[in-house]
Each structure stands twice: as C-alpha cells, then as structure tokens.
Amino acid sequence: PAVELLALLGRDRLPPPSACVGPQQPLSARWTAEPCTPAQVWAVLMPLYVQGLYGLLAALWLGTGLVSLGTGHAQGMALLRASSLPVAAIEPAIALGAVLDLGLGFWLLLGWRRDWVLALQAALMLGYLLVASLLLPQLWTDPLGALGKTVVLVGLHAGLWHYERLI
C-alpha cells in the first residue's frame, strides 16, 4: 500500500483517510475527493523513510568496516602514523574499529533492539570524535568534513533512537 500511496501522491493529490487507515484493499479502489490529513500521510510514509535511513546507515557502517580492512587500510595506517599513537597500537586500532563497525552494521541490519544498536553506534562515534580530536585535531579543518559529518551522524542516530523509543 505504501508504494501505491507514493504513486498517488505523485499526482499532486492527497489520498482519502480510508487510504491511510482502513481495510487492506488497493488504494485506487478507496480513492475519493476527501483528502487525508498531513498527519495521516506522514504516518504512512514515516516507516518507509525510517527503513531507508536504516538501510543507508547499515551500508555506511558495513562500508567503513570493509574499507578499513581493505582498500582504505593503507590510508588509515598513514593517518594514524601522523598521530601520537604508538606504532604498535595502530594495526590493532584499525582492526578493532573495523570489527566494531562491521558488527554494529550487521546488528542494525538484523533489526533487533535498534534502540540499543543506535545508542552504541552514537557512543562509538563520540569516542571516535574524542580520540580523533586529541590525536589528529587537524581533521576538524579537513575540507571534506571528516569529523563534522560524524557530528551530523550522531544527531541522526539520536533522532532515530528517539523514534525507536516512541514506536
């Protein structure tokens, strides 16, 4: 029904309340001149948006874990060599970060206790921010916004955490 609702919304018309709540039949069969309220439309679309966000976040977490172990490993090594981190700790730090990213990414995909995984991901990102700020403060002025984007992601995780607690 949600895909059909999106198609109908694309016609610049709001569906009737019966399309938002009511029997499970094709939306086109329930289409009338009486529109849904914006809150009803939002209630139908919000779960779609949230599922899309979870998919993007899972891809991000899995991707960073894989890149850290694969094609980005040398770049991560060079970055940490420029810090005050002892050389012997660099490889374990990269491996631990990759394993945590992969584990939390898979957990997010599973959909079990998303509030917990979101809280853990936000805490880990805050830890990454703290360590990076202490060891590599120049990353705050990175033209690609490496640390700044992480702050935004912490906010997104917090918003989704609140969403999970409400549903």
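Helix axes are lines fitted to C-alpha atoms over the stretch in contact, and angles run from 0 to 180 degrees between N-to-C directions. Helices are DSSP runs (H or I, at least four residues) numbered from the N terminus. The model is predicted; local features require pLDDT of at least 70, side-chain atom pairs count only at pLDDT 80 or more, and totals for chains, interfaces and linings use all residues. Residues are numbered from 1 along each chain as its sequence is written, and side-chain values use heavy atoms, with hydrogens and water left out.

Helix H5 (residues 87–110) packs on helix H6 (residues 114–135) at an angle of about 155°, the axes being 9 Å apart. H5 is therefore roughly antiparallel to H6 (angles over 145 degrees; under 35 counts as roughly parallel, 65 to 115 as roughly perpendicular and the rest as oblique). The crossing of H5 and H6 is left-handed, a term for a near helix turned anticlockwise from the far one by less than a right angle, with clockwise giving right-handed. Contact (heavy atoms within 4.5 Å) involves residues of H5 including Gly97, Leu100, Asp101 and Leu104, and residues of H6 including Trp116, Leu120, Leu124 and Tyr128. The contact of H5 with H6 comprises 10 nonpolar, 3 polar and 2 charged residues, where Ala, Val, Leu, Ile, Met, Phe, Trp, Tyr, Cys and Pro count as nonpolar, Asp, Glu, Lys and Arg as charged, and the others, Gly among them, as polar.

H3 and H5 also pack at an angle of about 155°, with axes 8 Å apart, so that H3 is roughly antiparallel to H5. H3 passes H5 in a left-handed crossing. Residues of H3 including Tyr54, Trp61, Thr64 and Ser68 meet residues of H5 including Ile94, Ala98, Asp101 and Phe106. By class, 15 nonpolar, 4 polar and 1 charged residues form the contact of H3 with H5.

For H4 and H5, the angle is about 130° and the axes are 10 Å apart; the two helices are therefore oblique to each other. The crossing of H4 past H5 is right-handed. His73, Gly76, Met77, Leu80 and Arg81 of H4 contact Ile90, Glu91, Ala93 and Ile94 of H5, giving 5 nonpolar, 2 polar and 2 charged residues.

The largest pocket has a volume of about 1300 Å³. Of its 34 lining residues, Thr64, Ser68, Leu79, Asp101 and Tyr128 lie nearest the centre. Two or more lining residues come from each of H3 (38–69), H4 (73–81), H5, H6 and H7 (146–166). The lining divides into 23 nonpolar, 9 polar and 2 charged residues. A pocket is an open set of points on a 1 Å grid over the protein atoms alone, where a 1.4 Å probe fits, with protein on both sides within 12 Å along at least five of seven lines; lining residues have an atom within 4 Å of a point.

Terms used
Grid points are joined across faces, edges and corners, and a volume is the space filled by probe spheres set on the points.
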